[in-house]
Amino acid sequence: MILDDAAVARRFSSDPYIALRKPRSVLCLPIRRQAEVVGVLYLENDLLPGAFTPERLLALELLATQAAISVENAELLAKTQAARTASEEARSRSAFLAEAGGLLSESLDYETTLDRLARLCVGSIADWCVIDIIEEGGEIRHVGGAHADREKEPLLRELMRRYPSRRDSAAPLAQVIRSREPVLLPGFDEDQIGRYTYDGEHARIVRALGTASAIVVPLIARGQLVGGMSLVSASPGRYGPADLELVQELAHRAALAVDNAELYRDSQEALQLRNEFLSVASHELYTPITTLLLTVEMMHRAARKGRDLDPRTVLNQLAQLSRQGKRLARLVGELLDVSRIEMHRLPLEPVEVELGALVREVVERMEPDLVKSRCAWSLSAGDPVHGRWDRSRLDQVVTNLLSNAAKFGSGKPIEIAVGAEGGIARITVKDHGIGVDQAEQVRIFERFGRAAPASQYGGLGLGLYISKRIVEAHEGSIRVESQPGAGSTFIVELPCEGPSDVAGPRGRWDA
C-alpha cells in the first residue's frame, strides 16, 4: 500500500498516528516467505509527497524477499543452536546422573554416600548442598553437606551443627517434608531469608554461604518419605523447570540408595536375631528333652534289671516327665503362635469368662513353680468380673505374666489383682524384682525382645510378644510400669464386651 500524501488521504486522515505525525509519503509492504506473511516493512517520508515510486517499490520488494530469507535462516539457525544446546544439556544431565548412580551404588553406608553425593552436586549444579534424613522417631538430621568454596566449608558445618531442621519451621525443607512436594525458588530477597531462618545469626550464615536461588526436593522411596535434598546457588535465577526435573530424578535415586541400605541393615539385624534365637531356642528345647530322656532312661534301666521301684520315686519321676513334657509343649506352642501371628491367623474363641476365677486357676496351677522360685503370692479379686473372651488365650497371657514375675522377681512377693471399671476389665501383676529400664520397656513386647541376657534367665523371648498380640486381638492393651531394681507392674486392660471382629462358630482374628 502506497500513500502519496497521507495527510490528505481520506481513508487514513482520521487515524491518530497520521493526525499526530502528519507524514507525507507512506509505504507498507508485506514480507512474505512461501506465500506466508512473516513481517511488514513500513516506510514514511515527512517532507515529500509521492516519494515512493513504482521503481523504488520493486527494489523494496527485492529487499523484503531478502529479509524473509534472512529471517528464515536466522530461525533455522536458532532452532539448530537450541537443539544442539538441548542435546548437550541432555548429555550432560545423563552423564551427571550416571556418575551419581555409580556413586550411590558403591556403598551401603548411606551417610558417607550422601555426603559424597552432596560434593558431586556442588561440583556441577549447585554452590552448596545439604541432604537430610528422617530418623525413626521423626526427627530430621543433616547427613550430607558440601560447598563449592572449600573456605566456606567450616561455615556450612557450623550451619548444620547449630541449626538442625525442624518440621514446624517455615524453611523450604520443612515445607517439603510436610507436603512431600518439591519447592523451586528462582530468587531470594532479604524478607525471604529472614522468614526462613531461626534468628539473625542463622540469616547471616545463610547469606555468607551465598543464597540467591534454590531447589528443595523430597527423598521418597517405595512411597515412604526418607528425607530431603537442598541445592542452593549464589546466582539469582540459576534454576528452572529442567533443573528441577534433574534434581527430582537425582533425589529419587538417592532415596532408593537410602532405602536399600536400610533394608540391608534390617536384613543383617534379622539374620543376627535369627541366629541368636536359634541358639537360644535350641538350648531351651534341648533342656526339657534331655531331662525327659534321662528320666526315661533311669526308669528303663531299673525295669531291665528287674528292680522293684519305690512308688514315691516313680511318682517323682512321672511328675518330672509331666513337667518337662508340659514345658516342651509350651515352648513348641509359643513357636506355633508366632507363626500364626505372622500369618495373621491367631484364632479366638470367645466365651463367657469370669476373670477372677480364671486368674485363680492359673495361679494355683503355677504354685509349684512359684514355690520353686521362692516367690510368695497374693491375689486380690473383688466382685466377679465377667466378659466375653477366649479363655485359653487369656490363660496363656496370665501364665506368661506370672512366669515372668517368677523368673525376674528375685524371690520376692508377687501381687496379682483383678478388677473392672467402666466396662474395662483389668489384670495387674506386680513383682519386686530386677525391673526394666525405660529404654527397654517397648522392646520387651517385640518378637524375641529381651531386657536381660538369655544366658542368665533363659526363655525364647516370645511370651510378652504373644501376650501383647493376644490382648490386642481382644481390642485391649498391655503395658509395663517399671524402674530398674524396683520391680515391674504389668497391666492388662480388656473390654468386657469382647472383641468386635470375631465371626463364625470358632472365631477368627485378622492382625
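I started with helix H5, residues 172-179, where Pro172, Leu173, Ala174, Val176 and Ile177 are buried. For me, buried is under 20% relative accessible area, exposed is over 50%, and partly exposed is in between, with a 1.4 Å probe and protein chains only. Helices (H or I, at least four residues) and strands (E, at least two) are DSSP runs, numbered from the N terminus. The cover over the buried residues of H5 includes S4, S5, strand S6 (183-185), helix H6 (190-196), strand S7 (213-221) and strand S8 (224-233); contact here means heavy atoms within 4.5 Å. Just after H5, Arg180 has a positive phi of about 65°.

Ground rules, before I go on: this is a predicted model, where local features need pLDDT of at least 70 and side-chain atom pairs count only at pLDDT 80 or more, while totals for chains, interfaces and linings use all residues. Residues are numbered from 1 along each chain as its sequence is written, and side-chain values use heavy atoms, with hydrogens and water left out.

Next, helix H4 (residues 153-162). I noted Glu153, Leu155, Leu156, Leu159 and Met160 as its buried residues. Viewed down the axis of H4, they fall within an arc of 160°, so they line one face of the helix; the arc is taken from the directions from the helix axis to the C-beta atoms. The face turned away from that buried side carries exposed Pro154 and Arg161. What do the buried residues of H4 pack against? I found helix H3 (110-122), strand S4 (128-134), strand S5 (140-147) and helix H7 (200-209).

I then looked up Ser124, in the loop between H3 and S4. Ser124 is partly exposed, at a relative accessible area of 41%. Leaving aside neighbours within four places in sequence, Ser124 is in contact with Phe96 and Arg238. Its side chain reaches the backbone oxygen of Leu120 at 3.2 Å. Ser124 and Ser92 sit 32 residues apart in sequence and 9.8 Å apart in space, C-alpha to C-alpha.

Arg33 was on my list too, and it lies in strand S2 (residues 25-33). Is Arg33 buried or exposed? Buried, with a relative accessible area of 18%. Its side chain makes a polar contact with the side chain of Glu75 at 3.1 Å. (A polar contact is a pair of N or O atoms within 3.5 Å; within protein, one must be able to donate a hydrogen and the other to accept it, and residues adjacent in sequence count only if both atoms are side-chain atoms.) Not counting residues up to four places away in sequence, Arg33 touches Val38, Ala68, Val71, Glu72 and Glu75.

Last, the largest nonpolar core: of its 41 residues, Trp389 and Leu402 touch the most other members. Helix H12 (391-408) is one of the elements that give two or more residues to this core, and H12 gives the most, with 7 residues. Such a core is a set of buried Ala, Val, Leu, Ile, Met, Phe, Trp, Tyr and Cys residues joined through side-chain atoms within 4.5 Å. Beyond four places in sequence, Trp389 touches residues including Val351, Leu394, His474 and Cys496. I also noted a second, separate core of 37 residues, with Leu97, Tyr110, Leu219 and Ala251 among them.
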